[in-house]
Amino acid sequence: MESAREVVRNYDVHIDSKKRVTLRGATYHYYNVKEYENGCIMLEPRELVAPVTVSKRSLESMDKAMVNFKKGEVSEPVAIGEMTEDEVCEEVLKGLKSAERKTYTVDEVDEILRRKDAEDIIKD
């Protein structure tokens, strides 16, 4: 039942009274465990990362923007398709820095967020 992967280490372990095993020289802190009917146990390393969250301030800003949108208080649309990536990032920065924030449509925000550099710019 050997796979095509090369075995780096092969050793026996003992299950202690609390049903634990010790992994020698483990390179990860977390593993996904799969137990099979035939008694085999597969450990796959996992990297735990914090989920992407939206800050409280950003949520409040979005709520305020939606209230303004429903009232019809919106700015003129920005033609992102005609702008370079640098110009879009510059517009985002201007909007974030100004007291009078520019309102973007949902599609425009999606387009901005698709730009790889926008992630570095939009941080609280």
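Begin by colouring the protein chain by pLDDT, the predictor's confidence in each residue, from 0 to 100: the mean over the chain is 76, and 69% of its residues reach 70 or more. This is a predicted model, in which local features need pLDDT of at least 70 and side-chain atom pairs count only at pLDDT 80 or more, while totals for chains, interfaces and linings use all residues. Residues are numbered from 1 along each chain as its sequence is written, and side-chain values use heavy atoms, with hydrogens and water left out.

Next, switch to a cartoon view. The secondary structure comes to four helices and two strands, arranged along the sequence in the pattern β-β-α-α-α-α; here helices (H or I, at least four residues) and strands (E, at least two) are DSSP runs, numbered from the N terminus. Where pLDDT is low, the predicted coordinates should not be read in detail.

Now select Lys 34 and Glu 44, which form a salt bridge whose closest N and O atoms are 2.9 Å apart. Glu 44 lies in strand 2 (residues 41–46) and Lys 34 in strand 1, so the pair ties together parts that are 10 residues apart in sequence. A salt bridge is counted when a side-chain nitrogen of Lys or Arg is within 4 Å of a carboxyl oxygen of Asp or Glu. Both partners are partly exposed, Glu 44 with a relative accessible area of 25% and Lys 34 with 35%; buried means under 20% relative accessible area, exposed over 50%, and partly exposed in between (1.4 Å probe, protein chains only).

The search of the whole structure finds two salt bridges, and the other can be shown by selecting Asp 16 and Arg 20, whose side chains meet at 3.0 Å, N to O. Asp 16 is partly exposed at 26% relative accessible area, and Arg 20 is partly exposed at 47%.

Select Lys 19 next, in the segment before strand 1. Its phi is near 65°, a positive value in a residue other than glycine, and Lys 19 is exposed, with a relative accessible area of 72%. Most residues other than glycine have a negative phi.

For the aromatic residues, display Tyr 28 and Tyr 31: their ring centres are 6.3 Å apart and their planes stand at 80°, so the pair is edge-to-face. Rings of Phe, Tyr and Trp (its six-membered ring) pair if their centres lie within 6.5 Å, with planes under 30 degrees apart counted as stacked, over 60 as edge-to-face and the rest as tilted. Tyr 28 is partly exposed at 32%, and Tyr 31 is partly exposed at 28%.

Finally, select helix 1 (residues 56–71), whose 16 residues reach 23 Å from the first C-alpha to the last, close to the 22 Å expected at 1.5 Å a residue; the expected span is 1.5 Å times one less than the number of residues. Just after helix 1, Gly 72 takes a positive phi of about 85°.
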